[in-house]
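Here's a quick tour of a protein structure, written for someone new to reading them. Take a look at the sequence and the 3D view, then work through the points below.

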Amino acid sequence: MPSQGNTRTVVTTGSTPTQSTSSSQAGVDKLHTLASSRPFTRQEGSSLPGVDVVFPACAALEEALVQLRASFSYWRCECGLGDFLAFAKSYVNENALESDIIALGLAGPVNDDVWCVDSRGILTAVVGKETYEVLGLVGEPLPWKEHADEHVIRISLRASRRQAEGFKACHAYGSKEADAILRWDTKRGPWRIVYYYSGTDNPPLKGIRSELKQSIRKRDNVHIPNLEDASTLVRHGRTDEETDAWGEGMSSLFEWIGMAGLGSPRISANDRCDPYIAVYAPPEPSYIGNLTCMRWSGLIPSAFVQEIIDQILSPNLASQGPFIAATAQCIGTSPVSYLLPDTSRTPPLRLPREDAGDTWSFVYARKDGERWWALAESVGKYDKRWG
Amino acid sequence: MSYRAVDSGRKDVYSELPLINNERLRFNGSTPFIPNYVKHNVTRSSDPAHAYASRVEGRQILLDNPARESKSKKAQDEKRAKRASERARKDAGVLSKEEGRRKGLWKLRKEETKFYLFIPLHTLWLGYMSELLSLSPRPTRDVGDPVAAMPGAAGMYAKLIKADFHGAIVTVRRSKNPCLVGLSGIVVHETENAFKVITQKDQLKLIPKPNSVFVFAVPLYAVAALSPLSSPSSQPRPTVLEIPHIEFELYGNHFCFRSAERAGRKFKHKETIEL
């Protein structure tokens with residue numbers, strides 16, 4: 001896809017005919033593991049949404065998605081990192097790269113140090129020069145010249161370090177690491193932490209419990225792309241012109257999905273915007289109809305995101321609605337936003353920033369028992385996911 | 001065959017010429033050749049006779065390059081000078097760096113690398129600091145807050161910067177190399193660019209001075225120096241960290257000098273203390 005500025009976008013497409021083949025199954029598997037590769041979804045403290053699902057108005061689809069009761073709740077607290085890790089260690093699997101707790105430490109007013117505990121049970125911290133020189137833990141410098149002073153430090157919350165290749169970059173959480181974190185807490189003060197864990201008991205740390213918020217918006221008379229010939233989602237073009245045309249088609253489709261999720265008035269059929277302010281044309285072909293947008297906000301665990309995706313892909317809803325699209329935004333201030341399929345490998349480096357971009361959006365279309373899907377993943381500058 | 005000699009006698013041409021021993025060649029003629037030739041050819045000067053008299057007459061002028069010293073003579077002179085310097089050095093009792101390294105002067109054996117063995121050195125250093133900084137003795141009555149007993153530190157900096165740190169306990173507080181942060185021990189050897197310390201775990205560590213900030217402590221009250229009669233078996237003396245003390249930060253980048261040179265050095269103000 002043509003890049004816009006420093007943003008890089010990769011579009012993956014696939015189809016699942018009535019008789020599934022290994023290649024088509026591999027494509028659908030990518031959708032099934034989409035959520036687990038993104039441990040943190042939602043941007044805490046900002047107005048950006050978490051997960052948006054848009055589809056042409058369909059009562060059955062709406063009922064099926066509303067039933068996904070968000071029984072997930074997350075917590076916010078203020079405490080030292082050492083105290084939090086003492087609590088979090090009990091939810092980390094000692095023998096496998098799994099953890100029932102994810103957490104994010106937010107930047108303070110003095111410096112931009114942040115950390116996160118991802119679904120592998122590894123603490124990843126991105127610290128500035130002053131903190132790194134005092135902490136005493138070896139880290140990896142960020143590869144960008146403007147941010148060469150910042151370092152990434154990884155600590156596995158397990159007592160012993162595994163021998164896997166990827167774990168060579170990790171410290172094990174021993175006495176030296178605990179002392180270093182205690183020194184950091186003493187110097188910095190308490191952290192504002194947002195975390196989710198699968199336990200049902202109240203955590204020992206004093207915190208505020210929050211539930212995931214679900215909202216539904218319905219819009220009438222909007223331009224909706226006509227995906228009857230959904231096979232065009234999958235690139236068939238062999239020449240450069242066909243590929244360019246496909247790229248532009250995809251770009252306009254995902255642009256529409258994003259604007260629909262944000263509730264933009266530009267997609268309204270009655271929009272008469274001054275062309276000096278905005279010029280927008282819906283993707284062709286399109287028709288005018290009613291649209292439903294569902295949104296979940298909060299610190300959304302990957303398990304819930306996967307439930308949404310699985311519901312969308314469910315064969316029970318095969319004949320409901322022409323298409324359904326979902327968009328999710330990862331947390332920009334998280335040091336880790338993407339986990340590789342092989343979780344023992346080190347995730348790609350990125351610079352945590354408020355305006356860091358890491359978004360995925362996928363559209364799933366059905367017709368006559370056949371299904372087509374397209375997934376767009378976009379990362380911004382200072383992200384080494386694709387080099 | 002013969003020729004007429006100066007004394008008008010006839011001499012054989014094959015006979016040896018008379019030797020001239022310690023006799024200068026004297027010009028007998030009234031118009032000797034060289035002076036007249038020089039005067040006639042020095043046409044730029046207004047007074048050729050004066051130019052000749054001041055610049056040429058009586059001077060020794062080399063007409064050819066002087067004979068080069070032979071290589072063997074040069075080698076002999078060098079050898080002689082080297083032997084003389086080695087003899088002088090030996091008389092002074094100074095060992096070269098290679099000789100010191102070969103003899104293992106600065107190496108500690110395994111049984112010598114013990115922290116407790118250097119505590120007397122550390123106590124000696126505490127006594128040295130007490131004298132250098134003119135610390136007051138510990139009050140007999142408890143003052144309550146040791147911070148109130150803190151002496152003025154302004155005058156201490158100039159003395160500390162020239163002080164000897166062998167025996168001090170230094171700790172790395174900040175460093176560009178995170179592996180060094182937290183290292184602490186008694187300084188057993190200070191060189192131009194590093195501290196050699198013995199840690200509490202009986203490990204000998206070499207800590208480079210550049211790119212690190214050290215912290216060392218001096219006692220708050222005067223500490224009596226070790227008496228020469230105190231036996232090693234007597235009760236172990238506490239370190240400076242176990243008694244009331246004052247901590248100072250030491251910026252390694254500005255401290256890369258040998259301890260002997262520091263005594264007479266003038267330290268200039270540096271604009272930045274960043275690592």
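Predicted model: local features only at pLDDT ≥ 70, side-chain atom pairs only at ≥ 80, totals over all residues.

A residue counts as buried when its relative accessible area is under 20%, as exposed when over 50%, and as partly exposed in between (1.4 Å probe, protein chains only). Residues are numbered from 1 along each chain as its sequence is written, chains are lettered from A and ligands numbered from 1 in the order in which they are written, and side-chain values use heavy atoms, leaving out hydrogens and water.

**Where chain B meets chain A**

- Nine residues of chain B touch nine residues of chain A, with contact meaning heavy atoms within 4.5 Å.
- About 710 Å² is buried between the two chains, and carbon and sulfur atoms give 55% of that; buried area is the accessible area (1.4 Å probe) that two parts lose on being put together, summed over both.

**The salt bridge**

- The interface has one salt bridge, meaning a side-chain nitrogen of Lys or Arg within 4 Å of a carboxyl oxygen of Asp or Glu.
- Its partners are the side chains of Arg174(B) and Glu133(A), at 2.8 Å from N to O.

**Aromatic rings**

- Over all chains there are 21 aromatic pairs. Rings of Phe, Tyr and Trp (its six-membered ring) pair if their centres lie within 6.5 Å; planes under 30 degrees apart are stacked, over 60 edge-to-face, and the rest tilted.
- Tyr157(B) and Phe248(B) have ring centres 5.8 Å apart and planes at 90°, so they sit edge-to-face.
- Tyr157(B) is in helix α6 (residues 156-161) and Phe248(B) in strand β8 (residues 245-251) of chain B, so this pair ties together parts 91 residues apart in sequence. Helices (H or I, at least four residues) and strands (E, at least two) are DSSP runs, numbered from the N terminus.
- Phe165(B) and Phe216(B) are edge-to-face too, with centres 4.9 Å apart and planes at 85°.
- Phe165(B) is buried at 0% relative accessible area, and Phe216(B) is buried at 3%.
- In chain A, ring pairs link a cluster whose members include Phe84(A), Trp115(A) and Tyr197(A).
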